[in-house]
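The sequence and structure come first.

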Amino acid sequence: ERAVPDPLGMEGSEVGGYAVQEHVGAGGMGLVYRAWDPQLERSVALKFLPPFLAEVPAAQERFVQEARAAARLEHPNVATVHEIEQTERGRRFITMTHYDGETLRERMAREEPLERATAVEYARIMAEALHQIHRVGLVHRDVKPANVMITAQGTLKLLDFGLAKAAAPGASV
């Protein structure tokens with residue numbers, strides 16, 4: 001959700017070689033901007049820790065863990081992480097694929113209720129994505145409509161691994 005137009009004052013700036021275009025969303029663990037990658041000529045999403053967490057070592061470590069957790073996954077319904085970097089001022093950010101579309105939360109608000117067949121198909125797709133996440137030893141811990149993107153092409157993408165955690169050794173997930 002876009003509560004503040006540009007909370008970090010980054011629109012129009014260059015960060016890590018990316019041209020920051022606009023703030024597109026915020027959650028408890030991150031602020032997301034759409035940016036342009038001039039090297040590969042594509043849009044990307046840049047996720048930053050919010051200011052109140054940016055100087056907290058435990059939050060920084062969790063942010064790095066999020067990037068690593070998501071980067072371990074290769075599934076058509078899981079958001080793709082490209083890299084984790086730092087700005088010149090030391091602010092870490094995660095570079096991910098940018099997906100045009102809307103969240104499942106937005107779709108549900110617009111089309112309440114979802115058709116039963118659509119809801120069942122979405123649940124099946126997310127269950128397959130979660131199965132893959134569990135196969136690599138992770139637990140997402142924050143599956144909700146706001147963390148599921150429906151791309152412009154209709155593909156579901158599970159986002160936001162900020163609360164992901166490695167499963168305990170030998171645990172069944």
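## Strand pairing

Strand β3 (residues 30-37) is joined to strand β4 (residues 42-48) by seven bridges, and the two run antiparallel. Strands here are DSSP runs of E with at least two residues, numbered from the N terminus. Two strands count as paired if DSSP finds at least two bridges between them. Ala35 has Val44 in β4 as its bridge partner.

The model is predicted: local features need pLDDT of at least 70, side-chain atom pairs count only at pLDDT 80 or more, and totals for chains, interfaces and linings use all residues. Residues are numbered from 1 along each chain as its sequence is written, and side-chain values use heavy atoms, with hydrogens and water left out.

## The open sheet

Six strands make up an open sheet with antiparallel pairing, in the order β1-β2-β3-β4-β6-β5. β1 (14-15) and β5 (81-86) are the edge strands, each pairing on one side only.

## A buried loop residue

Asn147 sits in the loop between β8 (138-139) and β9 (148-151). Asn147 has a relative accessible area of 6% and is therefore buried (under 20% relative accessible area, 1.4 Å probe, protein chains only).

Leaving aside residues up to four places away in sequence, Asn147 touches His140, Asp142, Lys157, Leu158, Leu159 and Asp160. Contact means heavy atoms within 4.5 Å.

Conventions:
Helix = DSSP H or I, 4+ residues; strand = E, 2+ residues; numbered from the N terminus. Buried < 20%, exposed > 50% of the residue type's maximum accessible area, 1.4 Å probe, protein only.
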